[in-house]
Amino acid sequence: MCRRARSEEEAKWSEQLQELTARRTEAQAKLDETTGALASVRDKYAADSERQRKIQGILEEAQTTVRKWEQKIDALTSRRDTMKEMQNDGDGFMQGVREVLKASRKGAGAGGLSGVHGAVAELIRVPEHLEIAVETALGGALQHVVMEDERSARQGIAFLKQRQLGRATFLPLDVMKGRSVPESEKRHIVGTDGYVGVAAELVDSEPQYASIVANLLGNVLLAETLEQANRIAAKCQYRFRVVTLEGDVVNAGGSMTGGSLQKKGANLLGRQRQIEELDEEIKGTGSQLGKLKDRADDLRKELSICSQNIEEYRGQVEQLRMEEQQFRSDLQVAEQEERRLREQHQLSTDDRSSQISEREELSLAKAAAEERLVVMTVEEARLQQAIREAENRRKASESAKEELQTQLTDLKIAVAKTNQEKQSFEDQAARVRADINRAKQELASFRDLASGQEEEGRRLEAEIVRQTEELNHFRLKKQECSEQTDFKRAARAEKVRLLELEESETKEQRTQLRQVEDRIRQTEIAANRLDVELDNLLRKLSEEYELSFELAKERYPVPEDIAGTQNEVRDLKRQIVILGEVNLGAIEEYERVKERYEFLNAQKNDLIEAKTTLYQVIREMDDEMGKRFKSTFDQIRGHFGHVFSKLFGGGRADLLMLDPDRVLETGIDIVAQPPGKKLQNLQLLSGGERALTAMALLFAILQVKPVPFCVLDEVEAALDEANVARFAQYLREFSEGTQFIVVTHRKGTMEEADVLYGVTMEEGGVSKLVSVRLEDEEAVSA
């Protein structure tokens, strides 16, 4: 018996030891798992921190790029607006043209002109690589003004005469006729090396201005180089003007014009193109800027997400660190319990020998207990017999109860079956009644359908009779049509015979017509050649002398000595060439530039004067601020030492400027020496001493600049009881001139207060404000 008890006890100790070992192993596993998770989260935290730093760098670069693109778009916009302003002001046009264009924008009702379409330079669009050639070909015609009709042109001339605004050339749309190079000449020169095309076909304009473009450029050819232009002009027998892409000209007749081009301030042809290019570039730059801003926004969002992840990782690190500490604590507890159990097991083994004697005593007690057990066994047998008899009576009652229960269940099943059959019969009767009603309705429908079909049959029989009569009628008409067709075929054969006779006559007439057309074509070629020569002479008369044929014929009769007159003209042209090009708008442009220069120079002088005055005012303000600051600082410094001594009950304190020579830029040191301590910087004092020193400075400032009302929020929280008392007493003295509201939990401060306000909660969720006036000790519920 003893051995079994010992083995059971050993098994119990072993089981407890295994349980503690399992707990320790589980705690160690959780600790290892938590340590691994903590290391993983720390790695993620480090990776996201590095990613955040990189994204921050990329974002800064993106923001720098956005600023550069914004500066670029601002520069482009400024340049475009300047060019638009020049275009609106008519910069580059002669005075007369500029005034006509300005008057057209006002409208006829406001003293302006109507019927003005614009200058030629504004109405045509030229590719960039052809601008020099077309500008050279047009010459002064660039500034010709296109008008609606001759009446509008006369009004424009009258407008310039009445106001003495100069001269201009007007091109009425209703009388201007186009010029062109004959197709035969085009075919002759197309394919020639260096040939670009007819100038009128290479520029763009609105369809209504086609006659103007054809009149000015319809007989002008474009070539790449001067040498190629000479060859093209020779092929055309020098009947047309040929202009190169560099601006050299081979005139009709063979003369050549060329040389270096003066760089103009305003390119009339290219101005609108440059504005459109700037608009496109601004649009493209804006689009790129939008993409860069979107990229920057994405980076900001990514940076925000990264920051959130870092915060989450930081929270996870803290959580895992707490779990790690908990698991370490559990592991230590398990190890301690395991050691304690082992110690107890050792103690139990040591005490086992002392328990042997106790077992002998227990054996004697066991013998006595066995005797009592025999007596109790007899009593138990008697009680078991009584229990069996009672059990037999209970079983008999239960069998009778079960029989009655079975009969009741059978009766319930029979009643349920009868009810179910009754319900089934009722449902079947309802379905039969529904089928009878549906059959009656279908019978009535069939009867109606049969009567309708009988009526339809009668109608169809009548329709058959009517269609049979119509068929007989159509057969009669078919026979009549056949007879008429035979008659018309005979007539058609006769007409075909007459047509063949007329076609033979027409062939002879066509032969004669072709001969006449050939003679007309030859005549047109000769007329076109003469018309081209006449146009060249009239154009030369208009461009070089600004005269019409009728006016020239009226003013200048044919000279007697034609050869001498031609020599004189050549000498005059040579002298004009030596003079160079004349800018007719130079005087007006000089006046305009001079006026703008004087205006800008005056503004510059005003800005310099304002800058000097502003600097002087700033210096005066700095001096005044320095004086006032020094005066206020000295006052606060004096009161600070006095208040410090009063709050601390002794000691001394001072305020020192780090750089007295620069009052507005200097820093300030607070030096304090509480009683019993050496003089030292504020940072070396304890928390309570620093708080009391700050209060001393606050009261010193209030003495220099008193205020009627002041709120203090737990300023004395760091003070000990003695300093709280001194603070409250000083606050009481200072309250004669300033009202204080103090938020506090310190009794010393509350004792010196006049009125106390507190919040209490007598009922759950219901706050109540209570005030106490200490001077009359009367509580008032607010």
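Student: Which residues of α5 are buried?

Tutor: In this predicted model, the buried residues of α5 are Ser152, Ala153, Gly156, Phe159 and Leu160. Around the helix axis they cover an arc of only 115 degrees, which puts them on the same side of α5.

Student: Which exposed residues does the face turned away from the buried side of α5 carry?

Tutor: That face carries Arg154, Lys161 and Gln162.

Student: What do the buried residues of α5 pack against?

Tutor: Their partners are helix α2 (95–106) and the strands β3 (145–147) and β4 (170–172).

Student: How do I read the length of α5 and its two ends?

Tutor: Helix α5 runs over residues 150–163, 14 residues in total, and spans 20 Å from first to last C-alpha, close to the 20 Å expected at 1.5 Å a residue. At its start, a side-chain oxygen of Asp149 comes to within 3.4 Å of the backbone nitrogen of Arg151. Just after the helix, Gln164 has a positive phi of about 55 degrees.

Student: Where are Gln237 and Glu714 placed?

Tutor: Gln237 sits in the loop between α9 (226–235) and β8 (241–244). Glu714 belongs to the loop between β14 (709–713) and α16.

Student: Is Gln237 buried or exposed, and what is the accessibility of Glu714?

Tutor: The cut-off for exposed is over 50% relative accessible area. Gln237 has 54% and counts as exposed. Glu714 has 34% and is partly exposed.

Student: How do I read a buried residue in a loop, such as Asn219?

Tutor: Buried means under 20% relative accessible area. Asn219 lies in the loop between α8 (210–217) and β7 (220–223), and its value is 4%. Apart from neighbours within four places in sequence, Asn219 is in contact with Arg179, Val181, Phe240, Arg241, Asp535 and Asn536.

Student: Where does Val249 lie, and what does it touch?

Tutor: Val249 is in strand β9 (residues 249–250) and is buried, with a relative accessible area of 5%. Not counting residues up to four places away in sequence, Val249 touches Thr136, Arg241, Val242, Val243, Ser255, Met256 and Thr257. Its C-alpha is 9.3 Å from that of Asn230, a residue 19 places apart from Val249 in sequence.

Student: At what angle do helices α14 and α16 pack?

Tutor: The angle between α14 (residues 586–648) and α16 (residues 721–734) is about 130 degrees, and their axes are 8 Å apart. Angles of 65 to 115 degrees count as roughly perpendicular and those over 145 as roughly antiparallel; α14 and α16 are therefore oblique to each other. On the α14 side the contact is made by Val643, Lys646, Leu647 and Phe648, and on the α16 side by Asn723, Arg726, Phe727, Tyr730 and Glu733.

Student: How many helices and strands does the chain have, and what percentage of its residues is buried?

Tutor: The chain has 17 helices and 18 strands. Of its 782 residues, 24% are buried. Among contacts with a separation of 6 or more, 64% join residues 24 or more positions apart.

Technical notes: Residues numbered from 1 in each chain as written. Predicted model: local features only at pLDDT ≥ 70, side-chain atom pairs only at ≥ 80, totals over all residues. Heavy atoms only, no water. Helix = DSSP H or I, 4+ residues; strand = E, 2+ residues; numbered from the N terminus. Expected span 1.5 Å × (residues − 1). Buried < 20%, exposed > 50% of the residue type's maximum accessible area, 1.4 Å probe, protein only. Arc of directions from axis to C-beta. Contact = heavy atoms within 4.5 Å. Polar contact = N/O pair within 3.5 Å; in protein donor to acceptor, adjacent residues only side chain to side chain. Axes fitted to C-alpha atoms, helices over the stretch in contact; angles between N-to-C directions. Parallel < 35°, antiparallel > 145°, perpendicular 65-115°, else oblique.
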